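I opened my notebook to keep track of what I look up in this structure, one entry at a time.

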Amino acid sequence: MKHHALEQLQIVAEVKQDFPRRVTTRAERLERWAELLEQIPHRHLSTLHETEYQPARVRATMRGDDSPISVAFKDPVLRAAGMENDTYGEAKRFFELSDEQLHRVICYCHFGATVSAATAARHIRSAIAGKQTGLFARLRAIFVG
């Protein structure tokens, strides 16, 4: 995809910026993201390296080509709903995820250099349900009930 400045596009086309954004709920946005990833479940997507160790300002700007976040950003429905770019910070804002929730979807420390689209979708679906995943969640379920 080739990116152009708005001024460059206005030379060759009429650019309208006054379209209303489609109002979606957090659950609808997350569901759409999971569905996009599940379209090609065995696809290997890039992860982001050590998100938990980055200062917040650096973490917010992290991105990767062909990552689960970039899959969401390529979708015209999510862009029309207000997704502005494919950075970690934008995914956190737009999908209303905590750092811990997004870390489970995208971080290198869980998956290595790539994560399958199906695995990322599974973690997104657990965020919709408000479920915790992993060892601590299983231990909490055993001991707390």
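How exposed is K92, judged by its relative accessible area? I looked it up in this predicted model and found K92 partly exposed, with a relative accessible area of 31%. K92 forms a salt bridge with D99, and the closest N and O atoms of this pair are 2.9 Å apart. I noted that D99 is also partly exposed, at a relative accessible area of 26%.

Next I went through the overall layout. I read ten helices and two strands in the protein, and along the sequence they follow the pattern α-α-β-α-α-α-α-α-α-β-α-α. Of the 145 residues, 36% count as buried, and the protein exposes about 9200 Å², of which carbon and sulfur atoms supply 56%.

I then returned to the salt bridges, for which the count comes to eleven. One of them joins R125 and E38, whose closest N and O atoms lie 2.7 Å apart. R125 sits in helix 9 and E38 in helix 2, so this pair ties together parts that are 87 residues apart in sequence. I also wrote down that E31, E38 and R125 are linked in a network of salt bridges.

My last entry concerns D86 and R63, which form a salt bridge with their closest N and O atoms 2.8 Å apart. D86 is in the loop between helix 5 and helix 6, while R63 is in the loop between helix 3 and helix 4, 23 residues apart. Is D86 buried or exposed? D86 counts as buried because its relative accessibility is 11%, and the cut-off for buried is under 20%. R63, with a relative accessible area of 41%, is partly exposed.

Methods: Residues are numbered from 1 along each chain as its sequence is written. This is a predicted model: local features need pLDDT of at least 70, side-chain atom pairs count only at pLDDT 80 or more; totals for chains, interfaces and linings use all residues. Side-chain values use heavy atoms; hydrogens and water are left out. Helices (H or I, at least four residues) and strands (E, at least two) are DSSP runs, numbered from the N terminus. Buried means under 20% relative accessible area, exposed over 50%, partly exposed in between (1.4 Å probe, protein chains only). Accessible areas come from the Shrake-Rupley method with a 1.4 Å probe; for residues, only the protein chains shown count as cover. A salt bridge is a side-chain nitrogen of Lys or Arg within 4 Å of a carboxyl oxygen of Asp or Glu.
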